[in-house]
Amino acid sequence: MSLQMITVSNNMALIQPGFSLMNFDGQVFFFGQKGWPKRSCPTGVFHFDVKHNHLKLKPAVFSKDSCYLPPLRYPATCIFRSSLESEKHQYIIHGGKTPNNELSDKIYVMSVVGKNNKKVTFRCTEKDLVGDVPEARYGHSIDVVYSRGKSMGVLFGGRSYIPSAQRTTEKWNSVADCLPHVFLVDFEFGCSTSYILPELQDGLSFHVSIARNDTIYILGGHSLANNIRPANLYRIKVDLPLGSPAVSCEVLPGGISVSSAILTQTNNDEFVIVGGYQLENQKRMVCNIVSFEDNKIEIREMETPDWTPDIKHSKIWFGSNMGNGTVFLGIPGDNKQATSEGFYFYMLKCAEDDVNEDQKTLTNSQTSTEDPGDSTPFEDSEEFCFSAEACSFDGDDEFDTYNEDDEEDESETGYWITCCPTCDVDINTWVPFYSTELNKPAMIYCSHGDGHWVHAQCMDLEERTLIHLSEGSNKYYCNEHVKIARALQTPKRVLPLKKPPLKSLHKKGSGKILTPAKKSFLRRLFD
């Protein structure tokens with residue numbers, strides 16, 4: 001095992017406890033930033049590019065037919081293949097916390113639809129469930145089992161908010177263990193069925209789960225009701241005949257007491273458990289090898305890496321599985337230092353470099369996420385806020401803070417409409433075009449007829465023109481209607497006749513003086 005410190009060049013504030021990593025053919029992607037993402041990366045998914053111990057986060061690209069994927073922390077994720085022999089895989093994402101501190105009950109499927117040397121294009125789809133739909137939760141697991149040529153998702157554990165009838169102002173964000181039910185989810189038809197197994201007495205959260213063919217192994221976890229981390233080891237077997245599925249559970253000896261650990265796979269029959277907690281405010285510094293032979297599971301301690309003093313003395317740590325037998329770890333910076341970083345990051349390689357790549361990437365296990373609430377006095381609901389000094393995608397911008405106005409009905413305001421035949425603004429790839437743009441592309445109101453909104457970018461407006469038209473009640477006509485507007489312009493103004501001055505009423509050289517009566521008569525005549 002080798003431990004190496006990683007430097008982060010940009011967007012370090014994005015990486016907070018509760019994130020997930022997804023590995024697509026050796027390329028790692030970050031998901032689950034803290035706070036709502038900018039419109040330039042509306043889903044909060046980034047390419048996790050590590051080269052020479054240097055990390056860069058680059059916003060990912062999504063296809064136009066993708067659904068919106070909110071940034072979710074502490075979700076359950078797993079790899080899904082149509083069959084065990086299939087090389088192409090997708091990621092299943094369920095549950096998790098939103099930046100509003102709400103819990104999600106949705107299932108998303110992430111897949112790659114385009115790939116070249118410069119970028120990877122994703123498609124995200126949402127799966128609707130019917131039947132026994134699992135309640136919104138976080139800190140749980142979801143895995144995929146394969147039996148008799150069929151596949152099924154298995155969901156277990158986690159935490160959820162206490163029922164609304166029991167929530168008070170003081171306990172609004174209080175959470176409780178979910179019931180120890182096992183859910184089978186058919187990803188093809190969207191059917192979900194709940195099973196009650198007598199062996200499962202507690203709703204465990206932040207446990208470790210490993211999927212092997214038709215079997216799920218559940219290790220450790222934290223019971224919030226009893227505040228214990230039991231040394232449990234469960235084997236849940238799922239049989240998928242033509243009729244109803246059969247689900248059974250068996251309690252095995254040799255479990256370990258751990259919560260919030262990170263699981264990575266080093267080869268076909270071997271996994272490594274890293275990190276986690278064994279007691280309140282006490283990290284678990286021991287690493288374990290989980291090996292399989294036939295239907296037997298063996299868990300044994302392994303030689304620990306050379307942990308740095310910073311890691312040893314930190315109260316919390318968090319991270320995620322990068323795939324290929326590698327784990328990404330984070331610890332808090334030294335708050336005593338005025339220029340301290342928010343977090344320090346490390347990369348732990350558990351697999352030998354000469355291990356076959358196909359073996360290292362093959363995994364159906366759930367990537368455990370870190371819960372600082374399991375080991376520190378912080379509440380699970382406590383939010384880390386972006387600071388005004390946080391780095392942005394463009395280098396000098398400030399991060400956008402969440403604003404309820406962003407959630408208005410955009411079908412009314414038309415921000416994501418096709419504003420004209422040549423409109424090229426894409427919700428998934430849009431980046432700020434004007435310095436005045438914060439959360440949405442700049443738009444201007446065309447005054448023709450009943451009026452309609454058009455993108456300032458599509459109208460090829462200069463920024464100073466955009467600012468001028470946005471002030472007051474100036475009328476503007478888009479490229480389609482500007483000719484009509486010109487035809488409606490009023491005729492040119494006709495200058496009025498000039499009134500001759502009174503002195504011109506005197507006859508030159510006459511020397512005669514007009515009487516007041518004559519002056520009044522002439523004035524009325526010319527007026």
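This is a predicted model: local features need pLDDT of at least 70, side-chain atom pairs count only at pLDDT 80 or more; totals for chains, interfaces and linings use all residues.

Tutor: Five strands make an open sheet with mixed pairing, in the order 11-17-16-13-12. Strand 11 (130–131) and strand 12 (141–147) sit at its edges with a single partner strand each, so one side of each has no neighbour in the sheet. Strand 12 is joined to strand 13 (residues 150–156) by 7 bridges, and the two run antiparallel. In that pairing, Ser 141 is opposite Phe 156.

Now the core. The largest nonpolar core holds 20 residues, and Ile 15, Phe 30, Phe 48, Phe 328 and Phe 345 have the most contacts inside it. The elements giving it two or more residues are strand 1 (2–8), strand 3 (27–31), strand 4 (45–51), strand 5 (54–59), strand 28 (318–323) and strand 30 (343–349). Strand 30 provides the largest share, 3 residues. There is another core apart from this one, with 19 residues, including Leu 200, Ile 236, Val 238 and Leu 240. As a rule, nonpolar side chains in soluble globular proteins tend to be buried together.

Strand 3 also has a partner worth a look. Strand 2 pairs with strand 3 in the antiparallel sense over 5 bridges, with Asn 23 opposite Val 28. The two form a hairpin with 2 residues between them, and Asp 25 in the turn has a positive phi of about 55°. How many residues of strand 2 (residues 20–24) are buried? The count is 5 of the 5, so strand 2 is largely enclosed by the rest of the structure. That burial covers both faces: Ser 20, Met 22 and Phe 24 are on one side, with Leu 21 and Asn 23 on the other. In general, side chains of a regular strand alternate between the two faces of the sheet.

On to the rings. A search of the whole structure turns up 23 aromatic pairs. Take Phe 30 and Phe 48: their ring centres are 6.3 Å apart with planes at 10°, so the pair counts as stacked. Phe 30 belongs to strand 3 and Phe 48 to strand 4, 18 residues apart, so to speak a link between distant parts of the chain. Both Phe 30 and Phe 48 are buried. Tyr 217 and Phe 292 give another geometry: with centres 5.1 Å apart and planes at 55°, the pair is tilted. Tyr 217 lies in strand 19 (residues 215–219) and Phe 292 in strand 26 (residues 287–293), so this pair ties together parts that are 75 residues apart in sequence. Tyr 217 and Phe 292 are buried too.

Back at Phe 30 and Phe 48, these rings belong to one aromatic cluster along with Phe 19, Phe 46, Phe 318, Phe 328, Phe 343 and Phe 345.

Lys 97 lies over the face of Tyr 138, 4.5 Å from the ring centre. The charged end of Lys 283 sits over the ring of Trp 317, at 5.4 Å from its centre.

Note on methods
Residues are numbered from 1 along each chain as its sequence is written. Side-chain values use heavy atoms; hydrogens and water are left out. Two strands pair if DSSP finds at least two bridges between them. Helices (H or I, at least four residues) and strands (E, at least two) are DSSP runs, numbered from the N terminus. A nonpolar core is a set of buried Ala, Val, Leu, Ile, Met, Phe, Trp, Tyr and Cys residues joined through side-chain atoms within 4.5 Å. Buried means under 20% relative accessible area, exposed over 50%, partly exposed in between (1.4 Å probe, protein chains only). Rings of Phe, Tyr and Trp (its six-membered ring) pair if their centres lie within 6.5 Å; planes under 30 degrees apart count as stacked, over 60 as edge-to-face and the rest as tilted. A charge sits over a ring if NZ of Lys or CZ of Arg is within 6 Å of the ring centre and within 35 degrees of the ring normal.
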